[in-house]
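Thanks for coming. I will go through one structure this morning, beginning with a term and then moving on to the contacts.

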Amino acid sequence: MNAAMNKDDDVLLDRLRSIASIVDDPPPWLDQAARAALSRRRLDAELAELMLDSDLSQAALVRAGDDGVRLLSFETASVSVELQIEDVSGQLTLRGLVSGASGDAIVEMISGSRVVPISEHGWFVAGDLPRGAIRVRLHAIDGTAVTTSWVSV
Amino acid sequence: MEEDLEGLLTAASAGDQAAWDILVERYNRLLWAIARGYRLDPATTADVVQTTWLRLVENLDRIFEPTRLPGWLATTIRRECLQALRRSKRETPALTPEYLIDEPDNSRELDAGLLDDERDAALWRAFGDLPERCQLLLRVLMATPPPAYAEVAEALDMPVGTIGPTRARCLTHLRRLVRKDDILGGTGREHGGRQ
């Protein structure tokens, strides 16, 4: 490619960029949301990393069924959190199974949060959740605060 | 531009909102462009962009080499996009939430209606007729500010050396689509449009 063609390409791409900035720019509220994300930092909590996501794995091996159930698994050294997310007509139901933690689970979304009790067998349920980013916070039996990493559901 | 990333990340990590805002200002449009390039609708795009920023917040203390931040963001959102695409494929039409069908297939036609310049509108419609791979690459390249090829390579999981040649091929293809309509102005030469 010669320099003139390169220049033409740059001009055309600039024109496309200018069009995209008119017809396909991120909405201002998203910019605000991105700025506000910093306030969601929790320095006090240990991060439970995502260990398994059925959406990223061999579907046949880990999918719970042929319906819209997604399985997510998070772990710290002392706590494990399994989440099943079921999608029915865009309304999400979250079922959790934890080990090494007790008390309440706080299901945190972009806007607001839901506090649900963890049963003696380690289960918790939260229904009617909107789509978007969520994480779950809870306390390990030794009192350590734990939060899962954020996931898009 | 990259040399101050370390300072910005360190400050943001210490809770400095102004430093964080600069990072958002610099990369939010790139993240948006990547997700739109993967053909996610605006609502899902907003979800994955927000998730990516939240993931960065929780990893502020773990960002390895600060100069790798753009690549980290690009890789993170690419994964989120691929997950979102899998989810949307899995949904049957009856289960598709309303906001996912807000944007019909003729969305580019509607987008084009926002443009005063009819030639720009026609160019944008022609862009929608390109092969998906070209739309993806060009949509990312048209982010503001223009991304470095290294960032584009991370976002699309392409070897960096293939980006320039692919860009050239895709733009040539776009020119072929619009040439007959005199969209690019003048005599079939590509410039002459507005600057």
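By contact I mean heavy atoms within 4.5 Å of each other. Helices are DSSP runs of H or I with at least four residues, and strands are runs of E with at least two, numbered from the N terminus. This is a predicted model, in which local features need pLDDT of at least 70 and side-chain atom pairs count only at pLDDT 80 or more, while totals for chains, interfaces and linings use all residues. Residues are numbered from 1 along each chain as its sequence is written, chains are lettered from A and ligands numbered from 1 in the order in which they are written, and side-chain values use heavy atoms, with hydrogens and water left out.

I start inside chain B. In H7(B), Cys134(B), Leu137(B), Leu138(B) and Leu141(B) touch Ile163(B), Thr166(B), Arg167(B), Cys170(B) and Leu171(B) of H9(B). By class, that contact has seven nonpolar residues, one polar and one charged. Nonpolar here covers Ala, Val, Leu, Ile, Met, Phe, Trp, Tyr, Cys and Pro; charged covers Asp, Glu, Lys and Arg; the others, Gly among them, are polar. The two axes come within 10 Å and cross at roughly 110 degrees. Axes are lines fitted to C-alpha atoms, for helices over the stretch in contact, and angles run from 0 to 180 degrees between N-to-C directions. Under 35 degrees counts as roughly parallel, over 145 as roughly antiparallel, 65 to 115 as roughly perpendicular, and the rest as oblique. H7(B) and H9(B) are therefore roughly perpendicular.

Next, H1(B) and H2(B), whose axes come within 8 Å and cross at roughly 125 degrees. That angle makes H1(B) oblique to H2(B). Among the residues in this contact are Leu5(B) and Leu8(B) from H1(B), and Trp20(B) and Tyr27(B) from H2(B). The division is 10 nonpolar, no polar and one charged.

Two backbone details in chain B. The peptide bond from Thr144(B) to Pro145(B) is cis, with omega near -5 degrees, and Pro145(B) sits in the loop between H7 and helix H8 (149-156). Arg39(B), in the loop between H2 and H3, has phi near 70 degrees, a positive value in a residue other than glycine.

Now the interface. How many residues does each chain bring to the contact? Chain B gives 64 and chain A gives 53. Together they bury about 5,500 Å², 55% of it on carbon and sulfur atoms; buried area is the accessible area (1.4 Å probe) that two parts lose on being put together, summed over both.

There are nine salt bridges between chain B and chain A, and 24 in the structure over all chains. A salt bridge is a side-chain nitrogen of Lys or Arg within 4 Å of a carboxyl oxygen of Asp or Glu. Asp24(A) takes part in one with Arg36(B), the closest N and O atoms being 2.8 Å apart. Arg36(B) lies in helix H2 of chain B and Asp24(A) in the loop between H1 and helix H2 (28-36) of chain A, so this pair joins two chains. Asp24(A) also meets Arg139(B) in a salt bridge, at 3.1 Å from N to O.

Helix H1 of chain A, residues 3-23, packs against H6(B) at about 95 degrees, with the axes 11 Å apart. The two are therefore roughly perpendicular to each other. Leu16(A) and Ile19(A) are among the residues on the H1(A) side, with Leu123(B) and Trp124(B) among those from H6(B).
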